[in-house]
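Here's a quick look at a ligand site and some charged pairs. Have the structure open while you read.

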Amino acid sequence: MNKNVHFKGRWVLTLLSIIIVGGVICLVKLTGTNAEDIDTDLRAEGNQIYKDPNASVPERVSDLLSKMTLEEKIGQMTQVDRNFLRSEEDIAKYYLGSLLSGGGSSPAPNTPESWANMYDRYQSISLTTPLEIPLIYGIDAVHGNNNVYGSTIFPHNIGLGAARNPELMKRIGEATAKEVAGTGINWTFAPCLCVARDERWGRTYESYGENPEIASSYSTIIEGLQGTNLTDSSSILATAKHWVGDGGTIGGDDQGDTQLSEQELRDIHIAPFIDAIEKGVGSVMISYSSWNGEKLHGHDYLITDVLKQELGFSGFVVSDWAAIDQLPGDYASDVRDSINAGIDMVMVPEDYITFISTLRNEVNEGNISMSRIDDAVSRILTKKFELGLFEDPYTDRTYTPTIGSEEHRDIARDAVRQSLVLLKNEKEILPLSKDLNKIFVAGKNANNIGNQSGGWTISWQGSSGDITPGTTILEGIKNVASENTEVTFNERGVGINSSYDVAIVVVGEKPYAEGQGDRPNGLGLDRTDITTLNQIKRSGVPIVVISVSGRPLVMTDQLSDWNALIQAWLPGTEGDGVADVLFGDYNFTGTLPISWPRSEEQLPMNIGDENYDPLFPYGFGLTYP
Ligand code: GLC
């Protein structure tokens with residue numbers, strides 16, 4: 001072709017494409033409406049059906065949606081951690097639909113009242129927006145309202161899995177909901193329905209165990225959290241997480257890759273979500289992990305086709321913390337691919353300005369349809385209406401005094417008792433007599449509320465020490481033993497001698513959360529515990545070991561030195577539940593929700609595997625005669 005003709009042709013094509021693209025942008029701009037484009041009468045008109053509590057939720061949603069600008073819709077899909085608000089006024093300026101407190105993102109002072117005051121202040125700002133849409137506020141209340149100082153801290157999920165008691169889970173859900181509602185907050189990122197298949201995974205303790213049947217049966221906690229009516233002020237929205245397969249990653253690598261056939265994925269990891277959806281769980285959080293190499297946060301088949309369409313999940317889907325950033329490509333493609341995959345709300349949770357502008361551009365460029373935006377916003381608004389937030393947006397302070405109440409602590413103490421698993425009881429040294437002459441207590445986890453509570457307690461990672469009110473295992477022992485019994489405590493075992501009737505050594509793990517708890521290089525006892533145990537062993541006194549840990553630890557070589565072994569998991573604030581069983585006021589009822597390995601080389605090892613040869617099998621647990 002002659003270059004000149006070619007050149008002219010290109011000019012015409014370029015001009016045409018500018019006209020077409022320009023036309024498309026104008027067209028999209030018109031449909032992607034801005035406040036000034038909307039007929040202000042429509043927004044201000046008297047029949048604000050969405051404000052009528054007697055109208056049906058679908059009517060209220062469609063009425064409100066019809067009044068919303070694109071900016072307001074995008075705001076509803078944006079979740080920000082309170083710590084990253086540049087100013088509280090941004091809540092209204094950007095029409096933010098949701099805030100969260102990530103682990104440890106607490107007001108100062110960290111008291112129930114200041115949480116409620118903070119929540120109410122944020123909510124009042126949200127209600128200054130033109131359409132007065134209330135915030136929904138999320139928090140990881142994963143074993144009680146665990147960010148709040150003084151709240152009841154229940155055993156972590158792995159211990160509850162040992163209890164095999166769905167009714168108990170409902171009671172825990174009800175108590176947790178009240179302690180969350182008492183701070184104003186109306187949404188918890190729980191329960192974690194992860195099925196831990198390799199205990200080297202740092203989140204094993206957030207799982208109810210290796211068998212999906214436990215997590216399925218424990219969907220009763222959702223009934224406790226959400227109540228019979230979401231509108232009740234003691235009800236909060238629950239979250240089934242993390243969709244899907246987070247507990248099945250290779251090597252227990254947190255946020256890693258789960259390599260399974262679709263049928264295996266369905267049988268092991270999807271199954272518990274089916275029960276959760278049947279129980280009406282209001283939200284689902286997506287997993288950081290991948291399935292056969294594809295990140296879940298961009299997985300439209302698993303999120304839209306399976307979760308929303310096949311399983312009929314009608315709540316809203318929230319991303320994990322900055323998880324869309326992990327998708328391949330630039331941030332624009334992260335936003336586009338995650339929203340188009342079916343995520344409805346993005347836990348940004350820091351740079352919300354960039355997220356909002358990126359999402360706006362993607363819509364205006366036609367890369368995300370308005371129907372997808374409207375579907376996401378409708379799902380979010382539906383839950384806000386069902387929660388009654390438009391009628392009762394502020395804290396119901398009648399629940400604030402329930403935080404850390406005796407009633408709730410009694411439920412937690414009962415849960416501790418039911419979570420304990422007796423693995424060895426040589427010559428039936430247990431139950432201990434309350435009238436023993438002399439008891440020696442040792443170990444780094446004997447007198448440490450922080451260690452016995454584990455991660456997700458007051459802070460994200462948790463921490464050792466006297467971090468919140470409760471009863472340590474040592475204090476529980478002192479409370480139960482008779483006044484004639486001399487109870488001596490030394491963390492390292494210094495002072496032990498043959499005059500003691502028994503030595504109770506409380507070993508295990510220090511707090512951790514998520515990937516920081518991954519242990520690819522071994523699950524043995526740490527040097528501190530080994531040293532303490534050796535110190536005690538030299539005295540010749542009978543030894544009762546209690547392991548406070550988020551998973552089974554490898555202690556095969558030391559087991560023969562001990563007369564008894566109890567797995568106490570991560571019991572939380574009510575350590576006296578351990579003494580209740582140790583001294584026989586209650587019998588052991590717990591059984592292992594996870595296989596106990598002889599060595600790390602056996603991992604992953606799960607019930608049903610070929611050549612299954614654990615130290616203690618799934619379902620094992622001794623009782624008193
Ligand atoms: C974390 C966890 C998730 C939690 C969220 C908010 O990274 O993966 O379980 O709900 O962030 O704290």
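## Around the ligand

Lys241 has a side-chain N or O atom 2.8 Å from an oxygen atom of the ligand, a polar contact (a pair of N or O atoms within 3.5 Å). His242 does likewise at 2.7 Å, and a polar side-chain atom of Asp320 sits 2.6 Å from a ligand oxygen. The protein covers 96% of the 310 Å² of accessible area the ligand has on its own (Shrake-Rupley, 1.4 Å probe).

Keep in mind that this is a predicted model, where local features need pLDDT of at least 70, side-chain atom pairs need 80 or more, and totals for chains, interfaces and linings use all residues. Numbering runs from 1 along each chain as its sequence is written, and side-chain values use heavy atoms, leaving out hydrogens and water.

## Salt bridges

The whole structure has 36 salt bridges (a side-chain nitrogen of Lys or Arg within 4 Å of a carboxyl oxygen of Asp or Glu). Lys241 turns up again here, paired with Asp140 at 3.2 Å, N to O. These two are 101 residues apart, with Lys241 in strand 5 and Asp140 in the loop between strand 3 and helix 7 (DSSP runs: helices are H or I, at least four residues; strands are E, at least two; numbered from the N terminus). Lys241 is buried at 1% relative accessibility, and Asp140 is buried at 7% (buried means under 20% relative accessible area, 1.4 Å probe, protein chains only).

Arg417 and Asp414 bridge at 3.6 Å; they're about one helical turn apart because three residues separate their positions in helix 16.

Conventions
Polar contact = N/O pair within 3.5 Å; in protein donor to acceptor, adjacent residues only side chain to side chain. Buried < 20%, exposed > 50% of the residue type's maximum accessible area, 1.4 Å probe, protein only.
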